[in-house]
Structures are given as structure tokens and as C-alpha cells.
Amino acid sequence: MVFESKKVIIPLDNPFKKNVLLIVHDVHQDFNTFPLAYGYLAAMLQKSGYSVEIYCMDVFHYTNDQLEKKLSNSQYDLIGAGFMPARFEETVVGLCQSINKYKKKAWFFLGGPGPTPIPQYMLERLEVDLVVLGEAEHTILEIMEAKLGQRTLAEIKGIAYRDGDQVRINSRRPLYRDLDALPWPAWDLFPMESYTGSIQMMGMEAKEKMMTITTSRGCTDTCSFCYRIEKGLRIRDLNEVIKEIKYLIETYGTTFFQFQDELFVFPRQRVFEFEELLKEHNLKISYCCNSRAVLFDEEVATSLMRSGCKFVNIGFESVDQAVLDEMNKRVTIEENFKALEVANKVKIGVGLNFLWGFENDTLETLWKNVEAVKIYNSFDQVRTIRPPSPYPGSPLYYRAIQKGLLSGPDDFFKKFKNSDIMTVNFTRYSEEEYYRMLFEANKDLILHHFKNTTGDMEAAQELIDSFRRLYFEGDYTFRGARKYDRESRKKASISTKKAVADTLVTESDNITLVQPAEESVTV
Ligand code: B12
Ligand code: SF4
């Protein structure tokens, strides 16, 4: 299904001008996944007859100088960019300066989960013209109409804008419920090969191509560290999802899908329906998705596995009840363990995501988490433990403000270095004590991982060293532990599949407190 334009609006002042430029900023990674938000926004604009261009700074690593050159040779009505809270000072601020300098008569707007919760700050700090609040498919159409003089900004719900030296924040739009009425992402505007062939996901065959897709938006929960851009969960008709999958397979040859839904497995009946529909349409795919531990029972997991699920991300976060309650995780330790056992039993790789650094966390809770990771590790990723980050808009952010640990967005962006570093200290320990403990825990996990996979203790040492530089020497160039694992696997030609098959363990009881092990690798 490809949507036809209803009308074509050719700007009168310059027939070669595109109406809208959407800029996907660089996240400085070698691997990039298709940015769905831009695909949806572009499709909506095109469906209404506007011409859209996408500037993918992510895959091509374009610099701001290159962007400036491009902008100085072009003209647009609107220029949009979105971002998440990371790399704000290093990337987003400079990017906005470049756009502001060369935007000419265009209106420059921001959107996405980074700016939405803190529009006033964004308008003042970045001097952009507008901020779109929340999901933006319908809002950008109205902004375009305002730019063409067909309506005023004051009447557009879901925006904040500068009006002279005032900032105006309009009310939010009502939640958009009918996801099936949205056009499919405008894939044809993107360098698809750069996205489908760039990343090797868990459980993916070497030659497979991968695509991101959503079958729902939203979540049933409100975990304290998680920012929800809209309230409520909305799901798509699975028949429409199947059509989209078919189209992607036929057009781009993608057979691996990364479902970006926060909660792919809800309601559970939908999981079974998905399996049936794939069978009915004779579609063989592989995929990864997200779940909550409470929803991941054996029946659901088996159906997921049968329909091609290779990896499921479950935010276990902790195996201490007081900490889980503090996070508002709405899960028990038993349910976490049960889900871990189920994943191992049905042989679906599982993301062992653990956070340490909440108010109720102690040395004991840290090592309980380490033991849980070690027992259930399927070694398809190197697992380390991270501190929670109080991203703007999340309940944890407001808790940090209430506790006097943060004064607002500016303070957050000054303190946030990356998600392996504490932005603020919620714990009972001094920062030094905290990092000493976390370092020992992560060192233990890293050694355990490499001993059980490639045996490449040089790679282990390198990773441990990079954690040491990060925690104790303020070297924030660290870009995540998984890079070291990937490189080591490449060297040793060990497939993730083999690692999973070799190491499944299914006992969960009697998690006891274990102190850091003495290891032969020196750090
Ligand atoms: C995919 C993803 C990523 C990918 C993004 C790559 C890509 N090309 O898509 C990667 C792996 C890089 C990533 C990284 C991170 N992520 Co992330 N990620 C997601 C995830 C799972 C899906 C995003 C998505 O595609 N959604 C589907 C689309 C349709 O929805 P959407 O993105 O919300 O888009 C709508 C609106 O937000 C808005 N919008 C979005 N962009 C734009 C741009 C413009 C110009 C406009 C006008 C509007 C607009 O309109 C869209 C359509 O309605 C979300 C969770 C989720 N399910 O949304 C988290 C999420 C966005 N990530 C989050 C976080 C915290 C991070 C990291 C900081 C994590 C980390 N530990 O480092 C990093 C930051 C990276 C960076 N350098 O900035 C948080 C953001 C929280 C916050 N307060 O901003 C989220 C919401 C998860 C969560 N619930 O906590 N992430
Ligand atoms: S962490 Fe997961 S379960 Fe919790 S609110 Fe966020 S998306 Fe939902």
C-alpha cells in the first residue's frame, strides 16, 4: 500500500524548493537502524502533498559544515530535527546553531522524546522557532498550514513556540488512537541499504537484512526511570502489520524485524494471533521484541519462538523487591526469575538489563543482580550493570528535582555524560564508593562473559580498562560494552547462536550474596 499525494504544492517562489527538510542527527555509531519517526512524519507530509527531503547525518556521518553548505544552497518552508536526551551538548546544540544560521525563511522545529518534556528550555536555549510536543504526524501538517498562512500558531494543539520574547506552550493534542489510519513510513526517501544492511542483531543470520517496525505505541506501565511521550497503549490491526511485513520483504528483502513497540506481547492473545497470521500468509521471518517479565509466560514465549522470535528484551532491572517497588516496576522477584527460566527453556535470547543506583540499592542488591546475570546469561551479549538516568520527563527526573539533586534541564544536560555514568547520586554511598563497587561488579561480569565465550582475555582486559577510565578518570569517550564483544567475536568467529546453545542454564533459586571474585586479570 503506497499512498498517493492528494495535491502537489509547489512553492511559488522557487519551483525546485522542497517544503520540508527533516534532519536525522548523527549518533556516532557504526550501526544505525531505520529512524521510524522520520519515516512516519515524511509519509504524512507526502500524503498531504508536500515535498520532503531527509538528511541522514546518522549513516553518512555528515558534519555540521556539510549541513551548513547544504542549507546555504537550498530553501525550505520547514526544517525539523528530533533527538533523545543523550549527546545534547556535544551534538544537538551545535546542530541547532548551524540550522539557525542557514535556515533563511524556514521555520525550524524540534520534536521527539528529548524536547517534548522541556519545551521552554529548548526554545530559550536553542533559539528554535517551535517545539512539537508528543506524537507529531498531525501537528506538523498544521504547522505547515500555519507557515503557508492558512492558520495561526496559537490554534495548533501540541506545540510550543516563541512569540517575540515570550514562550507560548499550547495544550497537548488528544491521544491519536487510530494507528492503522497512518500511512506507512516513507521508506523510499531514505538510503534503505544503509539501514537494512548495517546492523547484526541477536539471532540474525549473517546475510539477513533487518528493518524496524512498530505494531503498537505506548505501554501499560509507568516505571520510574522511563519517559512515556504519550499516555496509553494503542495497537495496530495485525492484518495491517502483516501487509507491511510482506511489503518490506518484497521491496527491501528484509527478513529480520526489530519491533520497536515498548510492549509487543500485549495483549497476550495478540501473540498467538501473530503466529497464526504468519503461518496463514506463509511468511517466515525472524525478529526481536520487547516484553515485561509478567507477560512472558511459557505459552507466550513458545508462540513467540515458533513465530520467529530470536531475542526478547525484558527490563528485569533488579532482583531485589524493595528496589523493584521503588522503580514502580509492578513485578515480583519471582516473576522476574520465572521469565528468565522461560526464556532459557524456549531458547529465546533475553536482554538481561539491570540497573543499580536507586535509593534502596546496597552492595548486597548489586551482587544479587550480578549473580542473576551470571546464572541466566545466554552470552549473546556482554552484560554489564548501569546506573539509572533521570531522563527529563521521567518520574525519576522529578524525584531528582524534589530531592534537590537536579535543578532542571540545564543541570541535567551538564551532569549527564552517558548512560554508564551516574547523572545524580540517589544512593547512600559517596560517588567514589559507588563506582568502586560497580567497577568490581562489572569487572566480574566481563571476565565471566569472555571466559565463557571467546576466551579472549585481552578483549576483556581492554573493556575493563575502558570502564576504569570511564569511572575513575573521567574519560567519557566510552560508547558501550557491546562493541568490545562484537569485535572479539569477529576475531574468534564465534556466532551468538552457538554461545546461546552452549550455555543455557535453568536454575534460579538460592541467589546468595557473593563478594567480588579474585581474578587473575589485573586491572
Ligand atoms: C529505537 C530507539 C532507539 C534507537 C534510535 C535509532 C533509530 N534510528 O530509531 C537507539 C538505539 C539509537 C536509541 C538510543 C537511545 N535511546 Co532510545 N529508543 C528507541 C525506541 C525503542 C523506539 C523509537 C521509535 O522508533 N519509536 C517509534 C516512533 C514512531 O515513535 P517516536 O520515536 O516516539 O516518534 C514520535 C514522536 O516522538 C515524535 N518525534 C520523534 N522524532 C521527531 C522528530 C521531529 C522533527 C518531530 C517534529 C517529532 C518527532 O513524532 C513521532 C511520530 O509521532 C524508543 C522507545 C519507543 N518505543 O518509542 C526509545 C527511547 C526513545 N530511547 C530512549 C533513550 C533514553 C535512549 C538513550 C539515551 C539510551 C541510552 N542508554 O543511551 C539513547 C540515546 C541515543 C542518542 N545518542 O541520542 C528513551 C527516551 C527518553 C527521553 N526522555 O527522551 C525512549 C523513549 C525509551 C524510554 N521509554 O525510556 N534509542
Ligand atoms: S520500562 Fe518498559 S514496562 Fe516500564 S514503562 Fe517503560 S516501556 Fe513500560
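Colleague: Before the sheets, what makes two strands pair here?
Modeller: Two strands pair if DSSP finds at least two bridges between them. Strands (E, at least two residues) and helices (H or I, at least four) are DSSP runs, numbered from the N terminus.

Colleague: And the ground rules for the model?
Modeller: This is a predicted model: local features need pLDDT of at least 70, side-chain atom pairs count only at pLDDT 80 or more, and totals for chains, interfaces and linings use all residues. Residues are numbered from 1 along each chain as its sequence is written, while chains are lettered from A and ligands numbered from 1 in the order in which they are written.

Colleague: How many helices and strands in the protein chain?
Modeller: 19 helices and 14 strands.

Colleague: What's the order in the sheet of seven strands?
Modeller: 2-1-3-4-5-6-7. The sheet is open, and its pairing is mixed.

Colleague: Which strands stand at the edges?
Modeller: Strand 2 (52–56) and strand 7 (166–169). Each has a single partner strand, so one side of each has no neighbour in the sheet. Neighbouring strands here are turned by 20° against each other on average, direction ignored.

Colleague: How do strands 5 and 6 run?
Modeller: Antiparallel, with three bridges joining strand 5 (residues 130–132) to strand 6 (residues 159–163). Val-131 has Ala-160 as its bridge partner in strand 6.

Colleague: Which strands does helix 5 lie across?
Modeller: Helix 5 (residues 119–126) lies across strand 4 (107–111), strand 5, strand 6 and strand 7. It runs at about 145° to strand 7. Axes are lines fitted to C-alpha atoms, for helices over the stretch in contact, and angles run from 0 to 180 degrees between N-to-C directions. Contact means C-beta atoms, placed from the backbone, within 7 Å.

Colleague: How many bridges join strand 12 to strand 13?
Modeller: Five, between residues 286–291 and residues 309–317. Ser-291 has Ile-314 as its bridge partner in strand 13.

Colleague: Switching to ligand 2. What surrounds it?
Modeller: Cys-219, Asp-221, Thr-222, Cys-223, Cys-226, Glu-262, Arg-292 and Gly-315. Each counts if its C-beta atom, placed from the backbone, lies within 6 Å.

Colleague: And by class?
Modeller: Three nonpolar, two polar and three charged residues. Ala, Val, Leu, Ile, Met, Phe, Trp, Tyr, Cys and Pro count as nonpolar, Asp, Glu, Lys and Arg as charged, and the others, Gly among them, as polar.

Note on methods: Two residues are in contact if their C-beta atoms, placed from the backbone, lie within 7 Å.
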